[in-house]
Amino acid sequence: MDPVAEYNALLDAIRRQGADARLHMVAFSGGVDSTLVAKAVFDVFPGNSEAVMALSPSVADAMRQSAVDLAARIGIPLRFIETHEYLDPDYVANEGMSCYVCKSSIYDAMEAISASDAALAAGTLLYNGTNAEDAADPTRVGLRAAREHAVRSPLARYAKHEIRQLLRHAGLPNWNAAASPCLRSRLQIGVHATPEHLRRIEAAEQIVRRVYALDGTVDFRVRHLAGDTAMVEIGAPLLDHIDLTRCSDDLQALGFRAVDKRAFRSGSVST
């Protein structure tokens, strides 16, 4: 892939699809995918685009700060919205529909912003960072919410490694950052997505990152499994170097009854 030519093609596609829109709103998390979308949309429509980040217990403070820094680097205005998906029984149950409930709440809130201004209500486009691998994953029920809200996905034809190349070309520093989805994704199916469990996961990952000096490029998670088990997942090359005795007491102090480790695998608890 030629990053220069492909990035220009991405800009052209966004320009064609959004030429008549009055406002361009990017669902923004500070992750690799949404950062590229925010950068591209802002490059095309600098005067009428903004990034929108949803805040709830499923968003780690570190991700919020990263989003602030990245939006400032791009130059795109960043708006925060409060969402309350954690009050929905289907979200809390965590039986496969949590992502749909969460994404629906985000898109509803984004649409409410434009609906408050009659001049914008009929001329607003929503964008997300869905990539080709996401689109092929049947567990990503949040894609249904995107379809229901007519959300545009400019990266739908790109694989993750291609998006990283484009982001590097665009000059953004998180091009090689490890994926960091919402905290709810760390919960095994059936473990309730309560604010308490989400805060526990956030605190656990802060401990693991600090104890083992993990930087932002390392793939790792602390999974919350049934029976209050903390499963530390980390990239295979580092797995043998992780001595759980260094963090077990701290993790158990958070409320975990047991601590174990295994090789990192994206989506390992989604089914």
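Visitor: What share of the residues of the chain count as buried?

Guide: This is a predicted model. In it, 49% of the 271 residues count as buried. The cut-off is a relative accessible area under 20%.

Visitor: How many helices and strands are in the chain?

Guide: There are 12 helices and seven strands.

Visitor: Why is the chain called as compact as a globular protein of its length?

Guide: Its radius of gyration is 19 Å. The globule rule gives 18 Å for 271 residues. The two values are close, so the label holds. Along the principal axes, the C-alpha atoms fill a box of roughly 55 × 40 × 30 Å.

Visitor: Which residues touch the most other members of the largest nonpolar core?

Guide: Tyr107, Met110 and Leu251 do, in a core of 79 residues. Members of such a core are buried and joined through side-chain atoms within 4.5 Å. Nonpolar side chains tend to be buried together in soluble globular proteins.

Visitor: What does leucine 251 touch, leaving out residues up to four places away in sequence?

Guide: Leucine 251 touches Ala204, Ile207, Val208, Ala230, Val232, Phe256 and Val259.

Visitor: Why is threonine 139 called partly exposed?

Guide: Its relative accessible area is 29%. Buried means under 20% and exposed means over 50%. The value of 29% lies in between, so threonine 139 is partly exposed.

Visitor: Where is threonine 139 found?

Guide: Threonine 139 is in the loop between helix H7 (132–135) and helix H8 (142–148). Its C-alpha is 9.2 Å from that of cysteine 99, which is 40 residues apart from it in sequence.

Methods. Residues are numbered from 1 along each chain as its sequence is written. This is a predicted model: local features need pLDDT of at least 70, side-chain atom pairs count only at pLDDT 80 or more; totals for chains, interfaces and linings use all residues. Side-chain values use heavy atoms; hydrogens and water are left out. Helices (H or I, at least four residues) and strands (E, at least two) are DSSP runs, numbered from the N terminus. The radius of gyration is taken over C-alpha atoms; the globule rule is 2.2 Å times the number of residues to the power 0.38. Buried means under 20% relative accessible area, exposed over 50%, partly exposed in between (1.4 Å probe, protein chains only). Contact means heavy atoms within 4.5 Å.
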